[in-house]
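The entries follow in the order I took them.

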Amino acid sequence: MEVLGREERSRLPYHVSQVQQPRATINRLHALFHSMAILALLYYRASRLFGGTQNSPMSAWLIVFASEIVFSFLWILGTAFRWRPMSRTVFPERLPPDEELPAIDVFICTANPEKEPTVEVMNTVLSAMSLDYPPEKLSVYLSDDAGSPITLYAMEEAYSFAMSWIPFCRKYGVETRCPEVYLSSSAHDHPQHSTTEFFMEEWDKIKSLYQLFKERVEKRASESDGTGGRSIILSRDHPPLIKVINGTRMDAPGVEQAKMPLLVYVAREKRPLYPHHFKAGALNVLLRVSGIISNAPCILVLDCDMYCNDPTSARQAMCFHLDPQNSHSLAFVQFPQSFHNISCNDIYDGGMQWVFKVLWPGLNGLKGPMLSGTGFYIKREALYGRSTMRQDIDVLKLRLYFGLSNEFIASLRQNYKYIIDNGVPTDALLEEAVFLASCAYEKETIWGEQASPIGFMYHSVVEDYTTGFHLHCKGWTSVYCHPSKPSFLGSSPINLNDTIVQNKRWGSGLLQVGFSRFCPLTYGLLRMPILQCMCYGYVALLPLSSFPILCYGIIPQLCLLNGISLYPKVSNPWFLVFSLVYLSSLFRHLFEVLSTGGSFGRWWIEQRMWMTRSATSYFFAFLSTIMKFISASEVDFELTNKVIDTKKIERYKAGKYDFESATLLLLPLTTIVILNMVSFIGGVGRVIFLNSYNELLGQLFLSFFILVMGFPIVEAMVMTKEKGSIPTSTTFISAIFSIVLVSLGFILFT
Ligand SMILES: O=c1ccn([C@@H]2O[C@H](COP(=O)(O)OP(=O)(O)O[C@H]3O[C@H](CO)[C@@H](O)[C@H](O)[C@H]3O)[C@@H](O)[C@H]2O)c(=O)[nH]1
Ligand SMILES: [Mn+2]
């Protein structure tokens with residue numbers, strides 16, 4: 001790190017940004033080419049339709065035409081991400097001295113100790129407490145939606161451990177401050193220290209302290225749980241409980257105490273009759289509670305499974321938040337989500353590299369990336385709304401917006417002073433905090449209401465997307481910071497069922513926005529630049545791809561079986577147009593994967609998972625969104641499982657798909673695969689015996705492509721004895737569905 005004088009430091013920019021010009025140019029040229037090809041294709045379909053010259057059944061023609069329109073529409077929206085990709089570099093060493101840095105509150109959410117192992121949650125807490133930031137400016141809040149005693153106990157234990165861990169990290173400049181990860185390496189992996197005897201001694205000491213901590217927590221967890229679902233009931237019905245952990249450990253050595261960040265446990269009140277709004281509800285409680293305790297101007301939000309992998313991320317984020325030129329409109333700095341548990345082939349595409357390596361850098365050159373739920377540093381002010389922060393605003397009005405706590409309303413005007421020193425909070429303060437965490441507090445306020453200026457948004461399971469969207473609508477910007485060392489590492493679903501369930505939740509959350517009056521394409525259009533608006537629209541409507549994918553997996557195949565051609569003859573020049581559209585979209589994706597460090601295999605898996613998601617997750621998301629509109633129920637937040645199944649992990653690491661547990665959700669996919677097997681065989685028959693190669697080649701190829709793509713499914717249906725294979729019952733039901741489809745095709749199309 002270069003050592004700079006203060007004068008020099010203040011003159012140099014804290015960050016630089018650069019448009020990825022060659023990439024932008026390639027993208028734009030491709031967009032031009034591809035749009036012309038699409039236009040030609042649509043023209044072909046429309047002219048045949050209106051001219052009445054298509055020689056296939058109108059219904060089939062209409063369905064494939066509609067599918068192509070949806071594909072094209074999504075494609076056009078997607079070009080916005082490719083228009084102006086940008087990368088950014090930060091220079092934390094140029095930041096002002098520590099005394100001038102703003103304070104940071106870290107919010108971590110956990111909801112269920114059975115699905116989110118407590119030791120893992122504590123590792124996230126510990127990694128956040130040991131961020132490379134002045135400890136008196138750092139406060140860590142854990143929201144425990146389960147209100148579980150084990151989590152509180154673990155936090156007290158974690159705090160004790162942190163009193164040794166943090167000094168150790170500081171002393172040796174530890175680069176990975178998640179103790180589980182650091183301590184499972186060998187002392188000799190750290191050659192800069194391991195040669196000294198003293199380090200080895202301390203290493204052993206800290207390692208055994210960590211073991212002790214872990215054992216205690218695991219022991220307590222095994223005692224208090226396994227209560228036959230009692231914890232689930234408790235998690236929906238419990239009083240508020242707030243505890244400042246620092247205060248409870250006054251017997252600890254006083255010297256270190258002063259250098260520790262504040263650690264606060266928050267279990268908001270939950271009652272069955274009150275909506276609790278999932279994670280957004282939890283975050284809003286943390287906003288209020290922290291508001292009267294530490295009231296830091298900047299907030300880092302983390303999921304409980306996302307530990308801080310690079311302790312310097314806070315300083316990196318400050319390079320943007322403290323930049324005098326852009327900071328005024330900057331709401332948040334988003335870091336990519338990276339994962340520690342995905343294997344090198346990542347067969348379920350859990351790494352979401354396409355999002356974090358292509359889409360988000362693309363938004364970086366516009367008004368900034370979407371909020372991604374975790375790993376972002378956001379200004380408190382952005383969540384409160386600028387208009388409500390004005391000094392001249394009436395206090396009565398503030399009470400209407402923010403609720404009745406005078407203490408909290410006073411905190412809005414505190415100009416971000418640290419309200420309690422790193423000591424024991426008063427009873428009165430804690431009482432007020434409990435009031436702020438009660439479930440009746442938000443009654444008749446505008447917390448979380450869409451388009452309101454306050455807090456994280458409710459009424460959606462994609463609270464990150466909607467919150468970010470409304471911030472951008474109000475003129476805030478964001479930046480994407482993508483350093484080469486992952487700043488945060490989390491766990492991603494590593495089995496098919498969890499992957500499909502997670503994507504189903506996202507899909508239904510997004511569609512719900514897409515179909516509401518806050519649809520980005522209408523609501524956003526008046527409030528943000530068109531390209532940004534297209535990006536938001538693309539993400540919200542992406543689940544619509546289930547329609548064309550399913551249609552393309554069924555209709556041409558039924559026609560193929562009946563010898564009906566849906567595409568131009570091979571000898572016809574129009575055939576070239578269809579081939580070009582197909583190849584050009586495959587090539588764009590291939591280019592994106594290869595140019596962001598991916599491999600050919602990565603491209604193939606992303607293709608496969610895109611189709612899988614569309615045919616399963618997004619299809620069910622679509623159904624559940626419709627159900628929601630009919631019954632006006634709230635879509636549930638199905639928590640992602642973070643417990644590792646050691647038996648299944650071997651299969652995963654070997655790159656073998658596990659279809660066993662996802663039976664029902666897989667039905668659309670297995671049905672399509674069976675149907676394509678049948679149509680492929682039928683089609684080959686027709687081509688050979690009836691010589692209809694010229695008319696049917698396109699459809700035959702489509703079936704072939706789907707079978708190659710779905711080969712793991714074919715394999716898993718055939719080899720029923722193998723682990724992870726598809727149960728015979730599922731294959732059987734899918735076969736029945738296929739027979740129904742084939743009969744329908746016969747009736748409708750002949
Ligand atoms: O009622 C709830 C539900 C969830 N959570 C927490 O929310 C976080 C995310 O939940 P998880 O089950 O891990 O969902 P993921 O699909 O992994 O989360 C992604 O998608 C979510 C939106 O659907 C975002 O909130 C997340 O940040 C993003 O990582 C976890 O820390 C949970 O403990 C709560 O605190 N309360
Ligand atoms: Mn998660």
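Entry 1, second largest pocket. I am working with a predicted model. I asked where the second largest pocket lies. Domain 1 (19-84 + 532-749) and domain 2 (101-247 + 257-337 + 372-486) both give residues to its lining, so I place the second largest pocket between them. I noted a volume of about 490 Å³ for this pocket. I listed 23 lining residues, of which Pro117, Val119, Glu120, Glu218 and Ile644 are the closest to the pocket centre. Helix 4 (118-129), helix 6 (179-183) and helix 8 (197-224) are the elements that each give two or more residues to this lining. Helix 4 has the largest share, with 5 residues. By class I recorded 10 nonpolar, 5 polar and 8 charged residues in the lining of the second largest pocket.

I looked up the largest nonpolar core and found 103 residues in it. Ile104, Val106, Trp165 and Tyr377 have the most contacts inside this core. Helix 5 (residues 149-172) gives the most to the core, with 14 residues. Both domain 1 and domain 2 contribute residues here, so I put this core between them.

I counted 4 cavities of 30 Å³ or more. The largest cavity holds about 60 Å³ of space. Which helix gives the largest share of the lining of the largest cavity? Helix 14 does, with 4 residues. I noted that helix 14 (353-364) and helix 24 (574-595) each supply at least two residues of that lining. Among the lining residues are Gln353, Trp354, Lys357 and Val358, along with Glu592 and Val593. The classes in the lining of the largest cavity are 3 nonpolar, 4 polar and 3 charged.

I then took the second largest cavity, with a volume of about 50 Å³. Its lining consists of Asn27, Arg28, His30, Ala31, Thr79, Arg82, Trp83 and Arg588. Helix 2 (residues 21-51) gives the most to this lining, with 4 residues. I recorded 2 nonpolar, 3 polar and 3 charged residues for the second largest cavity.

I traced an open sheet of 3 strands in the order 8-13-10, with mixed pairing. Strand 8 (307-308) and strand 10 (338-339) are at the edges and have a single partner strand each, so one side of each has no neighbour in the sheet. Strand 8 and strand 13 (residues 488-490) run antiparallel and are joined by 2 bridges. I found Cys308 opposite Phe488 of strand 13.

Note on methods
Residues are numbered from 1 along each chain as its sequence is written. Chains are lettered from A and ligands numbered from 1 in the order in which they are written. This is a predicted model: local features need pLDDT of at least 70, side-chain atom pairs count only at pLDDT 80 or more; totals for chains, interfaces and linings use all residues. Side-chain values use heavy atoms; hydrogens and water are left out. On a 1 Å grid over the protein atoms alone, a cavity is a set of points where a 1.4 Å probe fits but cannot get out, and a pocket is an open set with protein on both sides within 12 Å along at least five of seven lines; lining residues have an atom within 4 Å of a point. Grid points are joined across faces, edges and corners, and a volume is the space filled by probe spheres set on the points. Ala, Val, Leu, Ile, Met, Phe, Trp, Tyr, Cys and Pro count as nonpolar, Asp, Glu, Lys and Arg as charged, and the others, Gly among them, as polar. Domain bounds come from an automatic or database domain assignment. Two strands pair if DSSP finds at least two bridges between them. A nonpolar core is a set of buried Ala, Val, Leu, Ile, Met, Phe, Trp, Tyr and Cys residues joined through side-chain atoms within 4.5 Å. Buried means under 20% relative accessible area, exposed over 50%, partly exposed in between (1.4 Å probe, protein chains only).
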